[in-house]
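Dear colleague,

Please find the structure below.

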Amino acid sequence: MSKPDELLIDVAALVESGHSNKMSLTVVTGGAVITGRLAPEAVWRQRVSEVLADSAQLSEFAAVFTSAARKEGPPTHLHFHVARILQGSVGIPETGGMYRVSIEDVTAWTMGDFSYSDH
């Protein structure tokens, strides 16, 4: 989007201010459909840091996610957890992943989490 959707920014700001991770959202960005729940950036960063810290190969990257503070002003990114990229009838990964999406790159969105089925 040349100008980010103000309504989407408002939704992201409410997630940030309420520290809630219950808002389900589906977005289209770069041709991919991502569906899942939004999390406040601080919560998302902490969870990514924990996953990296538990990895023998990637633990050195954990600190990157705990050291950065959120900037003032409206949110610029959506932070998804328990999210999947929808590809046909499959969600990748099946268990859900953590994605960071620039709000200005969202070309379409809707409230709710789309499910998928193998049937």
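This is a predicted model: local features need pLDDT of at least 70, side-chain atom pairs count only at pLDDT 80 or more; totals for chains, interfaces and linings use all residues.

Residues are numbered from 1 along each chain as its sequence is written, and side-chain values use heavy atoms, with hydrogens and water left out.

The structure holds one aromatic pair (rings of Phe, Tyr and Trp, the last by its six-membered ring, with centres within 6.5 Å; planes under 30 degrees apart are stacked, over 60 edge-to-face, the rest tilted). The ring centres of Trp 44 and Phe 65 are 6.2 Å apart and their planes stand at 65°, so the pair is edge-to-face. Because Trp 44 lies in helix α2 (residues 41-53) and Phe 65 in helix α3 (residues 62-67), the pair ties together parts that are 21 residues apart in sequence. Helices here are DSSP runs of H or I with at least four residues, numbered from the N terminus. Trp 44 is buried at 8% relative accessibility, while Phe 65, at 23%, is partly exposed (buried is under 20% relative accessible area, exposed over 50%, partly exposed in between, with a 1.4 Å probe and protein chains only).

The loop between α2 and α3 contains Phe 61 and also Ser 55. Phe 61 is partly exposed, with a relative accessible area of 42%; Ser 55 is buried, at 17%. A polar atom of the Ser 55 side chain lies 3.3 Å from the backbone nitrogen of Gln 57.

With kind regards

Note on methods:
Helices (H or I, at least four residues) and strands (E, at least two) are DSSP runs, numbered from the N terminus. A polar contact is a pair of N or O atoms within 3.5 Å; within protein, one must be able to donate a hydrogen and the other to accept it, and residues adjacent in sequence count only if both atoms are side-chain atoms.
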